[in-house]
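Visitor: I'm new to this one. Could you pick a single part and give me a close look at it, with a bit of the surroundings first?

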Amino acid sequence: MKLTYRITTVIFLVLIFLTAITDITRMEFVAKPVKHLGYPDYLPIMIGSGKLIGIIILSIPKYSRFKEWAYAGFTVLFVSAATSHAIVEDTIGNVLAPLFLEALLLVSYISMVKTPGADKR
């Protein structure tokens, strides 16, 4: 379980770090879909900043209540992203991409909770 936790968490953190950088630097391929979804231009900067905070929290070795909040925040982000894409009738790939990240996050969370000997409090 510990290996599963580490592998899924590292993969997740790398992917989210890359998306956070593209959000914060306001790259064109991020700005265009944000407008298509009907959100304001500044939203990617806010989301990217939140992603960086979540990355820091999930990188801390010990279990903490903050990690649970980071997992919850990412879940809200991914479900909201998938819902937004579905509402504007985007392609199935655009709807499923955030759900793939959510599945990876879920495996990370479950393996963290199930890891024997993990400090739960």
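Guide: Let's start with a word on naming: helices are DSSP runs of H or I with at least four residues, strands are runs of E with at least two, and both are numbered from the N terminus. You're looking at a predicted model, where local features need pLDDT of at least 70 and side-chain atom pairs count only at pLDDT 80 or more, while totals for chains, interfaces and linings use all residues. Residues are numbered from 1 along each chain as its sequence is written, and side-chain values use heavy atoms, with hydrogens and water left out.

The chain has 5 helices and 0 strands, so reading from the N terminus you get α-α-α-α-α. Its radius of gyration (over C-alpha atoms) is 15 Å, close to the 14 Å that the globule rule (2.2 Å times the number of residues to the power 0.38) gives for 121 residues, so the chain is as compact as a globular protein of that length. The C-alpha trace spans about 45 × 25 × 20 Å along its principal axes. Of the 121 residues, 32% are buried, meaning under 20% relative accessible area with a 1.4 Å probe, protein chains only. Among contacts (heavy atoms within 4.5 Å) with a separation of 6 or more, 67% link residues 24 or more positions apart.

Now for the close look: helix 4 (residues 65-87) and helix 5 (residues 92-114). Their axes come within 8 Å and cross at roughly 160°; axes are lines fitted to C-alpha atoms over the stretch in contact, with angles from 0 to 180 degrees between N-to-C directions. That makes helix 4 roughly antiparallel to helix 5, because angles over 145 degrees count that way. The crossing is left-handed, meaning the near helix is turned anticlockwise from the far one by less than a right angle.

Who touches whom? On the helix 4 side you'll find, among them, Tyr71, Phe74, Phe78 and His85, and on the helix 5 side residues including Val95, Leu101, Leu105 and Met112. The contact has 13 nonpolar, 4 polar and 3 charged residues; Ala, Val, Leu, Ile, Met, Phe, Trp, Tyr, Cys and Pro count as nonpolar, Asp, Glu, Lys and Arg as charged, and the others, Gly among them, as polar.

There's another pair to look at alongside it. Helix 1 (residues 2-24) and helix 3 (residues 43-59) have axes that come within 8 Å and cross at roughly 155°. Helix 1 is therefore roughly antiparallel to helix 3, and their crossing is left-handed.

Key
Angles under 35 degrees count as roughly parallel, over 145 as roughly antiparallel, 65 to 115 as roughly perpendicular and the rest as oblique. Buried means under 20% relative accessible area, exposed over 50%, partly exposed in between (1.4 Å probe, protein chains only).
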